Amino acid sequence: MRNLQSSFVMGLFFSILCSCSAGTEQLYEQTRQELSQKEYDKAEDLLLEWLQAEPRNADALTLLARAQLGLGRGVSAIATLDRLAATGNLPPDYRILRGDAELLRKRYDAAMREVQGLPSSEAWRVRALAAIGLQRGSDAENAFHEGLVASGAKAPLRGEYALFLLDRGDIAKAEEQVREAVREDPNALAPMLASAQISITKGDLAAALATYRKARKIYPDSRSVLIGLAEALADLDQYQAMTPLIDELYALAPTDIAVVYLEARVLAGQGDWTVVRDLLQTREDELTDMPEAVLLYARALLELGQDEQALARLSPLIRKWPKLTGARRTLAEAQISTGEVATAIATLQPAMRGSPSPEILQVMAKAQQELGNSAEAATYRQRAQRAALDRAAKDRSLGEAALTRDAWMVAESAFNRVIKSQGRHDAEVLSKLAYAQGRLGKFQDALRNAEAAFELAPQNPAVMDTLGWLLFRTGKDRPRGFALLENAVRLAPDDELIAQHWQRARSSAEQTALTKK
């Protein structure tokens, strides 16, 4: 989505203020502030109020259309642009604005028509996105190339081109486009979104979260930013943190199917499969171009024992998106449940190449067992266990690296995956999970895991330190926490973190004693 250009907004408002009455100057100034801060929702309200007094004010209508585009409201933007056309006073980029609005409405041919004959980079961006929507990849590629040599600002186009390249698996070229875009405009939205997606593709969710949060500070009402941030949190199983974002998105777009899908992801993470099914079932016709949502709907049906219905949705899904993560496993599970075991094995075969996931191997083991091949089933179960151990080791390393970068959500997610895979038997993993949760303010979970770690390794100084610091910091049992920290620093006098916790606890205790005196 195009960024509002601050210089254009300021210049436009200067001309407005020169001709407005003193009674409306305050309203115009408020609107200017909201737009300059990308507070599109608040700006829209102010502009609608303005237009009640001056319904044919072309400047106000132009700004309203820009705000609505920033909010992702294509239908509203088209209606506003139609009103603007009736005034006969159009901004230079009027046709680009209409093209963007049609893109939001998924009217891709209409978007093409709106920019027909325009030579600018922005026009080529609209053409490229329309071609992507029409699934004409080569046309999109050509449009991006034309846009790179056309006149005008290129940062938005480069950001969209980076996402296109990333979808095709060319990370290096995508990163190159982001670098060039940032060099032109460090605060352009599309390159920031592309940068976050590149980080996710590379497995660096901490960097993705940081990028989305930076983007949110600049574009607080951007639908794309809010959805991207919520999806990154979902990938980390941070469902509680997703809830306020989903509430914001519903406030901005009450019927947005992408928001419905995000809510369904939260409910699935909580195991509420009946509500997931009911939520997606009512909007199934809108899921055609959302393979992940169709997969989640099918998973809900499978979890609820509606195997035939799940199968009916999964078979065409695999044909259209054969590389969709998790789709083959879910389809194979449905096929096994409906007695099509040999077909399930055939379904799994493409996923068996290379290093198959533990989940794929487990489903293959189940299929072999159903066919009476006990020896082969045992072999697949053993492979699944080894694959799970390898993944747990990688997750542990990821969690430990995240702790060093203060990436607490990433650390919590990684250690939770280790525990889910390997059980609650590793004191160090439990203790590190507790530490990350404490830093996130999840003290109840943190204390539970820290106590469990201490039961397993009561003489481990790092384990003692985590539990002691949590007990002391939360005030749940400060004397016990103080004693644990004292023992931890005695056992590991050279550990800087333990020494820091001990010193802070001792200082706090001394201050409390002085206060009582």
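1. Helices here are DSSP runs of H or I with at least four residues, numbered from the N terminus, and in this predicted model E122 is found in helix α8, which covers residues 121–133. The relative accessible area of E122 is 10%, so the residue counts as buried, the cut-off for that class being under 20%.

2. D237 deserves a look at its backbone, as its phi is positive, near 60°, in a residue other than glycine. The residue lies in the loop between α14 (223–235) and α15 (239–252), and with a relative accessible area of 41% D237 is partly exposed.

3. D406 is likewise worth checking in the backbone: this residue is not a glycine, although its phi is positive at about 60°.

4. L193 belongs to helix α12, residues 189–201, and is buried, with a relative accessible area of 15%. Leaving aside residues up to four places away in sequence, L193 touches L163, Y212, S224 and V225. As for A143, which stands 50 residues from L193 along the chain, the C-alpha atoms of the two residues are separated by 20 Å.

How values were computed. Residues numbered from 1 in each chain as written. Predicted model: local features only at pLDDT ≥ 70, side-chain atom pairs only at ≥ 80, totals over all residues. Heavy atoms only, no water. Helix = DSSP H or I, 4+ residues; strand = E, 2+ residues; numbered from the N terminus. Buried < 20%, exposed > 50% of the residue type's maximum accessible area, 1.4 Å probe, protein only. Contact = heavy atoms within 4.5 Å.
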